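Biologist: I am new to this structure and would like to learn how to read it. Could you walk me through a few features?

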Amino acid sequence: MINKKNVSLFVLIATGVVIVLVLIGIFAVGKINKQVATNKASRSQSISISKERHDSQKSSSQNHSSGSKSSSEEINKHMSEKEVLTQFLEDFSTVKLDNGSISHRAKDLKKSMTEAAYQANYVEQDSDELKSLLSKYEKTKQIDTSNSTQLVSKQYLESNLYLNANVPGQYYVELYYSETPIYEQKGYKIEAKYEITLIDNKINSLELISKKQS
């Protein structure tokens, strides 16, 4: 005969075990969900930090690029017209017969001149022609005297600037520099007179009035 007391006790124990297992399951599921949420939040934060770093690096790169591009313009803005003009005259009347110096001179002139003035004075074309003549001379030691561009080094000496009070940005210039042909050891002094106009601290026009050996 079944003992009802024992059956009741067994049912009570079984019920208790089931409740404990259910509680353990609920706790385990909650812990797993919490861990998943933590991992998602951590991954989201990592992605956010990575994106911020990428955006920061991209912004820094863009700022550096734009800064390099405008650096020469900023320098010109903080110089007076006479300082800009004097620097231009020094670059303009200094020519060293090597490819690096010829290219550097063209770049410096491009920075200090408006695009119209740079093109009108054939700076780039003359630089390319000079490098071509130099290359030919180094190979053959022959000089093409029929060419308008000659293998002559130049060195800036001094300049006098006179502002035209009636025309903003216009100067009368007396420029002195030396010229030395590649086949000679000693050079000679040149006196050149120009009428030069600046706009926004850049050379906008360059008109040669006279040039002579002095």
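Biologist: Which strands form a hairpin here, and how many residues are between them?

Modeller: Keep in mind that this model is predicted. The hairpin is made by β1 and β2, with 6 residues between them. In the turn, look for Gly169, whose phi is positive, at about 80°.

Biologist: In which sense do strand β1 and strand β2 pair?

Modeller: Strand β1 covers residues 152-163 and strand β2 residues 170-181, and they pair in the antiparallel sense over 11 bridges.

Biologist: Staying in strand β2, is Glu179 buried or exposed?

Modeller: Glu179, which has its place in β2, counts as buried because its relative accessibility is 8%, and buried means under 20%. Among the residues Glu179 touches, leaving out those up to four places away in sequence, are Val152, Ser153, Lys154, Tyr188 and Lys211.

Biologist: And what does Lys193 count as?

Modeller: Lys193 is part of strand β3, residues 188-199. With 23% relative accessibility, Lys193 counts as partly exposed. Beyond residues up to four places away in sequence, its contacts include Tyr172, Val173, Glu174 and Ser210. Ser210 is 17 residues from Lys193 along the chain, yet their C-alpha atoms are separated by 5.2 Å.

Biologist: Let us turn to helices. What span should helix α2 have?

Modeller: Helix α2 has 12 residues, 81-92, so at 1.5 Å a residue it should span 16 Å. Its end C-alpha atoms are 16 Å apart, which agrees.

Biologist: Which residues of α2 are buried?

Modeller: First the general idea: an α-helix has 3.6 residues a turn, so residues three or four places apart point the same way. In α2 the buried residues are Val84, Leu85, Phe88, Leu89, Asp91 and Phe92. They cover an arc of only 165° around the axis, so they sit on the same side of α2.

Notes
Residues are numbered from 1 along each chain as its sequence is written. This is a predicted model: local features need pLDDT of at least 70, side-chain atom pairs count only at pLDDT 80 or more; totals for chains, interfaces and linings use all residues. Side-chain values use heavy atoms; hydrogens and water are left out. Helices (H or I, at least four residues) and strands (E, at least two) are DSSP runs, numbered from the N terminus. The expected span of a helix is 1.5 Å times one less than its number of residues. Buried means under 20% relative accessible area, exposed over 50%, partly exposed in between (1.4 Å probe, protein chains only). The arc is that of the directions from the helix axis to the C-beta atoms. Two strands pair if DSSP finds at least two bridges between them. Contact means heavy atoms within 4.5 Å.
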